[in-house]
Amino acid sequence: TLAGRRMCPLGWLGLAILCLGTLWAVPAKGRRKAEKPKADLTLYENLDLDNYDLTLDNYGEILDLSNYEELYDYGDLVPKIEVGTLAPRSKDPETLLEPGETTARTPKLQPPSGAGPTPAAPIPRQGLPSCLLCLCLSTSVYCDDAGLEQIPELPLDTVYLYARFNRIRAIRAGDFRGLEKLKRIDLSSNSISWADVDAFRLLPSLQELLLPENRLTALPELPRSLVRLDASGNRLGSAGLSSGALGNLKQLQFLHLSDNQLDFIPVPLPESLRSLHLQNNRIQAMHEDAFCDSREQGQIRRALEDIRLDGNPINLSLFPSAFFCLPRLPTGRFS
């Protein structure tokens with residue numbers, strides 16, 4: 001029929017379009033597959049992912065957090081507050097509570113009614129007032145500028161004592177009794193005007209005695225162990241040094257007596273002496289045997305290299321025989 005002839009070309013046209021679409025679709029798929037790189041599975045051959053198959057059943061086996069607090073302790077990061085440092089504790093022993101105690105105390109046991117009062121325990125030597133007023137470090141006692149008016153009782157093992165810049169006026173015979181280890185005493189810049197004759201003599205280990213800037217008019221007897229004596233800046237006069245007091249100090253190396261009122265050189269001087277400071281005194285004359293023995297012309301006193309006589313009203317050029325044994329001339333006026 002006519003209608004059937006008209007529909008036939010349309011059917012053929014639709015069939016042709018369907019075939020062309022099929023032909024074009026196949027290359028397109030091939031092109032997409034060619035553009036996408038094929039995954040290299042050899043990179044994952046050694047990777048074991050069995051243990052990472054995470055499900056609700058094995059969650060606790062894979063991530064075990066039971067010991068997490070043991071692995072990392074946060075206690076160190078928490079600031080610690082010591083209650084005892086916030087305020088001073090009461091001095092009343094009845095009100096002191098030990099850690100862990102409650103306020104309900106067990107009453108203390110009282111001694112029998114017939115017993116007398118319990119005697120106080122003796123204070124050990126280390127706890128004497130010197131270590132309360134001063135600073136005790138090992139065998140050294142530091143009492144500088146502590147307002148002291150006398151030498152405090154010291155521990156028996158004291159080796160070094162520093163009591164400078166105080167108001168000490170006198171040194172008593174018993175101030176250093178029993179201190180056999182004492183090596184240095186420094187009492188600089190006090191107000192000491194008197195020292196007992198036996199204040200230092202019985203100290204077998206004393207090597208340094210420093211008494212500058214005081215008011216001494218005389219020196220007490222000195223131990224033979226002394227190596228250094230400094231009494232500069234006092235009021236020592238000719239009568240303040242006993243005859244031969246320094247000659248017996250066979251180990252003395254440093255003798256400093258500057259800024260006093262001496263009008264002579266204290267002789268004899270020990271052979272061990274290395275430094276002699278007598279500047280700013282009243283020395284006007286010098287004995288020919290002050291430093292050298294005039295009877296021994298070949299004497300050479302090599303140790304004594306430091307002699308200061310400047311600031312004295314003496315012309316050293318008038319006494320040439322007193323210097324012939326010295327390695328160098330004294331410091332002072334030669335004209």
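**Burial and overall make-up**

I looked up burial first: of the 335 residues of the protein, 31% count as buried (under 20% relative accessible area; exposed is over 50%, partly exposed in between, with a 1.4 Å probe and protein chains only). The model is predicted, so I noted that local features need pLDDT of at least 70 and side-chain atom pairs count only at pLDDT 80 or more, while totals for chains, interfaces and linings use all residues. Residues are numbered from 1 along each chain as its sequence is written, and side-chain values use heavy atoms, with hydrogens and water left out.

I found four helices and 11 strands in the protein (DSSP runs numbered from the N terminus: helices are H or I of at least four residues, strands E of at least two). For contacts (heavy atoms within 4.5 Å), I took pairs at least 6 apart in sequence; 42% of these join residues at least 24 apart.

**Confidence**

I checked pLDDT, the predictor's confidence in each residue from 0 to 100. The mean for the protein is 76, and 61% of its residues reach 70 or more. Residues 28–34 stay under 50 and have zero contacts beyond four places in sequence. Residues 47–127 are also below 50, yet this stretch has 29 contacts in the model beyond near neighbours in sequence. Where pLDDT is low, the predicted coordinates should not be read in detail.

**Record entry**

In the model, residues 130–160 are 13% helix and 23% strand, with the end C-alpha atoms 13 Å apart.

**Core**

Of its 57 residues, Phe-176, Ile-185, Met-286 and Phe-291 touch the most other members. This core draws at least three residues from each of domain 1 (136–235) and domain 2 (239–334); the bounds come from an automatic or database domain assignment. Leaving out residues up to four places away in sequence, I listed the contacts of Ile-185, among them Leu-161, Phe-176, Phe-200 and Leu-210.

**Two asparagines**

Is Asn-234 buried or exposed? Asn-234 counts as buried because its relative accessibility is 7%. Asn-234 sits in the loop between β8 (228–230) and β9 (254–256). A polar atom of the Asn-234 side chain lies 3.0 Å from the backbone oxygen of Ala-231, and one lies 3.3 Å from the backbone oxygen of Ser-232. Beyond four places in sequence, Asn-234 touches residues including Leu-211, Asp-259 and Asn-260.

Asn-315 is in the segment after β11 (306–308) and is buried, at 16% relative accessible area. I found a polar contact of 2.6 Å between the side chains of Asn-315 and Ser-317 (a pair of N or O atoms within 3.5 Å; within protein, one must be able to donate a hydrogen and the other to accept it, and residues adjacent in sequence count only if both atoms are side-chain atoms). Asn-315 and Met-286 are 29 residues apart in sequence and 9.5 Å apart C-alpha to C-alpha.

**Backbone points**

Asp-259, in the loop between β9 and β10, has phi near 55°, a positive value in a residue other than glycine. Asp-259 is partly exposed, at 39% relative accessibility. Pro-268 lies in the loop between β9 and β10 (275–277), and a cis peptide bond joins Val-267 and Pro-268, with omega about 0°.

Technical notes:
Core = buried A, V, L, I, M, F, W, Y, C linked by side-chain atoms within 4.5 Å.
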